[in-house]
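Here's a quick walk through a couple of pieces of this protein. Have the sequence and the 3D view open while you read.

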Amino acid sequence: MHASPHTVGDVMTRAPVAVGRAAPFRDVVTLMDRWKVSALPVLDGEGRVVGVVSEADLLFRDELPGGVTAGELMNAPAVTVHADTGLAEAARVMARRGVKRLPVVDGAGVLKGIVSRADLLKVFLRADEELTEEVRREVVDRLFPLYADHIRVEVSEGVVTLTGWIDGPDPVPVAERLTRAVAGVVDVRCRLCPVAVPDDRH
């Protein structure tokens, strides 16, 4: 049973390719081509990320004189995230800053990995059976312990359908919110109906 990927650290590429400030233009191009990446973190002597050099930066090399280096080409300061950053937050950072990948750093700014848009999308490739198991375990069994046997969890292409009887309407929005929070869930259809509870006053 695999743990659900919730953070950048769960999906990032560890020990990514990077360059130093003094790396010459040709070396940067060669590394990008060899590793099929569109950007490289630029590190200082202590392994801290000081910038990022991208394919777009390389296209403007003619505007700079002489032997151009990664340090002269890079965008700085680098847009980074930490390993415990949530996947949704990382996606928002990428969209807001218009980047395709983010260096992952520790508290001192030292490079620990890199996360790409493709990495963030991998979470939506989780098998329906895996999602079914997690929704039942983390949502149904915890939220409706007395009615869990009366609730059916069905997942098709990442869309979760909850069907069955519960003891009242109040938990329905909570069930829907918790189900949406499961990494890899695309949408939720909640068809939980409150069962009639006997009135003890009679």
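Both faces of strand 3 are covered in this predicted model. On one side sit Ala39, Pro41 and Leu43, on the other Leu40 and Val42, and all of them are buried. That makes 5 of the 5 residues of strand 3 (residues 39-43) buried, so the strand is largely enclosed by the rest of the structure.

What does strand 3 pair with? Strand 2 (residues 19-20) runs parallel to strand 3 and is joined to it by 2 bridges, while strand 4 (residues 49-54) runs antiparallel and is joined to strand 3 by 5 bridges. Here is one bridge partner pair from each pairing:

| Residue | Bridge partner | Strand of the partner |
|---|---|---|
| Val19 | Val42 | strand 3 |
| Ala39 | Ser54 | strand 4 |

The hairpin of strand 3 and strand 4 has 5 residues between the strands, and Gly47 there takes a positive phi near 85°.

Now over to helix 5 (residues 87-97). Its buried residues are Leu87, Ala90, Val93 and Met94. Why do they end up on the same side of helix 5? Because they cover an arc of only 120° around the axis.

As for the buried residues of helix 5, they pack against helix 1 (8-11), helix 6 (117-121), strand 6 (101-105) and strand 7 (111-116). After helix 5 comes Gly98, with a positive phi near 65°.

How values were computed
Residues numbered from 1 in each chain as written. Predicted model: local features only at pLDDT ≥ 70, side-chain atom pairs only at ≥ 80, totals over all residues. Heavy atoms only, no water. Buried < 20%, exposed > 50% of the residue type's maximum accessible area, 1.4 Å probe, protein only. Helix = DSSP H or I, 4+ residues; strand = E, 2+ residues; numbered from the N terminus. Arc of directions from axis to C-beta. Contact = heavy atoms within 4.5 Å. Pairing = 2+ DSSP bridges.
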